[in-house]
Amino acid sequence: MSKEDSFGQFTASKKALWILGIFLAATIVICVVVPLVVNINCVPKNQEIESTQGVATTKATTQLPTSNPVTSPATTKPTNAATTAPATAAATSQSATTQSSTIPPTPQINPCLAVTENNRLDCFADFSFSNPSSCANRRCCWRPISTGGVPWCIYSDKFNFFNSSVQTMPFGIRAIFTRQSIMPVHYGNAPEVIHVDFQFQTNERLRMKIYDPNNKRYEVPIPMPNMADTDNRASNPLYEVEVLNGPTPTITVKRKSTGTKIIDTSLGPLVFEDQYLELTTRLPSTNLYGLGEHVHSTFMHKEFHWKRIPIFARDQAPILNANLYGAHPMYLNVEDDAANSHTVLLMNSNAMEVVLTKAPGLQWRTTGGILDFFITMGPMPHQAVQQYIKTIGLPYFPPYWSLGFQLCRWGYNSLNRVKEVVEEMRSYQIPHDPAISNNQTAGTYPPYDNGVKMDIFIKDGAGKTLVGKVWPRGNATFPDYTNPNTSIWWQDLIVDFHKNITFDGLWIDMNEPANFVQGSVTGCPNNKYNNPPYKPLSIFGASLNDKTICMDAQQHWGRHYDVHSLYGFSETEPTLKAARASTKERSIVISRSTFVSSGKYGGHWLGDNFSSWPDLAYSIIGCLEFNMFGIPYIGADICGFNGNTNEELCNRWMQLGAFYTYSRNHNGRNNAPQHPTTFGAKLANSAKKALTVRYQLLPYLYTLFYHASTEGLTVMRSFLFEWPTDPIARDTDKQFLWGSALLITPVLTQNAVKVSGYFPD
């Protein structure tokens with residue numbers, strides 16, 4: 001070997017030693033130093049990992065309830081050997097009584113590594129991304145991963161805020177959750193104790209109410225079924241409830257007949273703080289429907305890759321993923337091949353988002369109030385929805401005339417133009433009922449003076465009338481329909497209006513409430529309501545005040561922060577009462593903004609849709625969802641509201657729209673005309689043919705509405721409700737039914753000369 005070769009070999013060996021040294025140093029840093037900051041891939045120093053055997057119960061009262069060894073400096077001192085020794089001794093003593101000394105101990109498992117990718121839950125709801133330091137401050141696990149959309153800062157499988165105990169009550173079960181004082185608080189005050197009441201209300205319905213027993217928090221002021229502490233539970237419920245004590249208390253609601261877990265909170269912790277509440281449940285299956293109001297491209301939810309779904313009423317053009325005009329935090333889940341099904345409602349009106357996870361799981365995140373769940377057990381899908389509708393209130397029974405075809409646009413511009421359109425419709429013998437123009441009336445706005453005298457307008461945070469901008473010339477104020485005086489003011493105005501211009505029904509719009517400035521003409525104060533510590537990321541707009549009024553505004557029912565999504569609901573009932581007082585008949589109200597129970601007082605249309613082929617198809621899904629929500633009088637603007645339509649699209653939409661339960665052609669300002677005669681004889685005759693079928697079937701449609709209003713049945717019905725065990729029927733959303741007897745298969749694609757449909761056995 002040459003000298004050069006020997007030197008080269010020596011140099012290579014030296015490099016290898018350097019590389020080995022660097023590797024060992026890096027290993028020490030990763031496995032020793034880094035866990036002092038945040039859990040990555042090593043068992044944390046000084047951390048106890050529970051045995052899977054009978055030790056956990058003993059350790060639950062003394063051990064830190066999280067996987068992360070770093071504590072928040074503001075809340076507690078770091079754990080040391082002295083503080084962990086008693087827990088270890090207690091565990092050893094308990095263990096000796098439950099297992100043989102010859103059995104080797106269960107290997108320790110890092111609770112961060114124990115969480116599989118599919119079971120990850122984001123510990124950072126309020127930020128789109130986090131970092132190792134901020135994650136550690138939340139006592140969570142930093143687990144970077146290359147897969148897009150997967151949370152990095154996650155809860156460990158031992159993360160928990162509470163210890164629990166259980167009491168048997170006449171109405172069912174009361175669980176008492178006591179907060180671990182060591183846990184940090186991020187979203188305002190956190191109660192030391194919360195109660196979880198399981199009210200066994202009926203054999204098919206369970207209420208799970210999570211609340212602070214020592215401090216009254218905002219609750220949705222809509223009457224719902226309730227039980228007093230002394231009321232007796234249902235005698236033979238379809239469900240059973242378990243609350244498992246220990247280091248990670250778990251709530252489980254099971255279907256008795258199958259053992260299927262309807263609610264299973266083992267996936268993640270319960271969080272209950274002033275401006276952030278969170279609860280996660282595993283889902284029995286991905287056969288999931290509901291959650292609104294949104295444009296959904298499919299009736300059955302398809303995306304479970306930590307999909308965020310916003311729920312917060314907003315003046316928003318209907319586009320995919322946007323939170324729209326109403327709030328319906330309710331879902332239907334078909335559990336198995338036998339079609340056992342349940343619904344879950346979270347009766348909460350605060351801004352919220354729902355996250356669909358890969359587990360599959362469903363995570364509720366809301367900004368206030370309480371967690372008040374109503375669960376209906378079916379067992380079939382149509383029965384579960386029927387029970388839900390009976391729980392929130394049976395739908396309104398519309399008058400017969402309102403089932404006819406209606407023609408409307410924004411911007412006829414004159415009464416003469418309205419007369420011309422009506423004559424065109426008559427010339428082709430196209431049946432129609434109301435013709436509506438919503439142009440502004442010139443002159444002053446007398447209702448304002450009376451409203452000031454009666455003190456019915458929403459106040460800002462300082463107690464002065466909040467001023468924004470909407471359609472009236474100049475500025476605008478906002479009636480507080482939660483104030484009883486407002487109902488009197490509103491009815492007087494409507495009755496007086498009817499004396500001058502007769503009407504049969506009323507249409508209320510922009511009632512999210514919409515505002516053309518952010519918050520008010522003077523902005524909004526910088527406080528915890530207008531700039532809360534948590535604003536759901538998926539909610540459109542930079543702030544909750546975007547396109548509406550300030551969140552700290554004051555109403556009779558409470559702060560606007562809590563009651564914002566109830567504005568349309570609160571306006572609908574007084575409007576119906578005023579319409580009835582004016583017409584002396586049943587009348588009808590159509591509202592753009594809706595909430596749980598709105599169907600008791602009126603109908604809805606799907607908002608300012610677009611003249612497009614996708615929106616044509618999406619309208620079926622929206623109508624099916626609102627029938628599930630208990631609002632069966634529903635339809636989309638036929639031919640589209642935004643943008644100009646064309647003859648082919650408008651023809652297909654007139655054919656489909658003839659079978660909406662609320663059938664109305666409506667057009668936006670400055671758009672080209674789209675009433676059926678505007679494209680000539682071909683479309684006019686096609687529309688006449690479709691609408692003639694509708695009018696011939698009105699007795700059947702009217703009968704369906706009778707059953708909806710008396711039994712809670714759907715009118716425009718999904719295949720799922722008639723063929724629940726058929727996997728194709730479960731996923732069908734391009735066809736639908738009227739009741740159980742009429743199947744509609746529309747043409748939904750451009751240039752189509754034939755249509756395919758599915759006809760289940």
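The second largest pocket of this predicted model has a volume of about 500 Å³, where a pocket is, on a 1 Å grid over the protein atoms alone, an open set of points at which a 1.4 Å probe fits, with protein on both sides within 12 Å along at least five of seven lines, and a volume is the space filled by probe spheres set on the points, which are joined across faces, edges and corners. The second largest pocket is lined by 30 residues, of which Asp157, Thr250, Thr265, Ser266 and Leu267 are the closest to its centre; lining residues have an atom within 4 Å of a point. Strand 8 (250–255), strand 9 (261–264) and strand 11 (276–282) are the elements that give two or more residues to this lining, and strand 8 gives the most, with three residues. Strands (E, at least two residues) and helices (H or I, at least four) are DSSP runs numbered from the N terminus. By class, the lining comprises 15 nonpolar, eleven polar and four charged residues, with Ala, Val, Leu, Ile, Met, Phe, Trp, Tyr, Cys and Pro counted as nonpolar, Asp, Glu, Lys and Arg as charged, and the others, Gly among them, as polar.

Residues are numbered from 1 along each chain as its sequence is written, and side-chain values use heavy atoms, with hydrogens and water left out. Local features need pLDDT of at least 70 and side-chain atom pairs count only at pLDDT 80 or more, whereas totals for chains, interfaces and linings use all residues.

Five disulfides are present in the structure, a disulfide being a pair of cysteine sulfur atoms within 2.5 Å. When the bonded cysteines of the protein are numbered in sequence order, the pairing reads 1-5, 2-4, 3-6, 7-8, 9-10. In the disulfide of Cys123 and Cys140 the sulfur atoms are 2.0 Å apart, and the link is right-handed, with 55 degrees about the S-S bond. This pair links distant parts of the chain, 17 residues apart, with Cys123 in the loop between helix 3 (81–96) and helix 4 (132–137) and Cys140 in the loop between helix 4 and strand 1 (141–142).

The sulfur atoms of Cys135 and Cys153 are 2.2 Å apart in their disulfide, which is right-handed because the torsion about the S-S bond is about 95 degrees. Cys135 belongs to helix 4 and Cys153 to strand 2 (residues 153–154), so that parts 18 residues apart in sequence are tied together. Cys135 is buried at a relative accessible area of 0%, and Cys153 is buried at 1%.

A further disulfide joins Cys524 and Cys550, with sulfur atoms 2.0 Å apart; its torsion of about -90 degrees makes it left-handed. Cys524 is partly exposed, with a relative accessible area of 26%, whereas Cys550 is buried, at 3%.

Gln674 is located in the loop between strand 28 (664–667) and helix 13 (681–696) and counts as buried at 1% relative accessibility. Its side chain reaches the backbone oxygen of Gly640 at 2.9 Å and the backbone oxygen of His666 at 2.9 Å.

Terms used:
Buried < 20%, exposed > 50% of the residue type's maximum accessible area, 1.4 Å probe, protein only. Polar contact = N/O pair within 3.5 Å; in protein donor to acceptor, adjacent residues only side chain to side chain.
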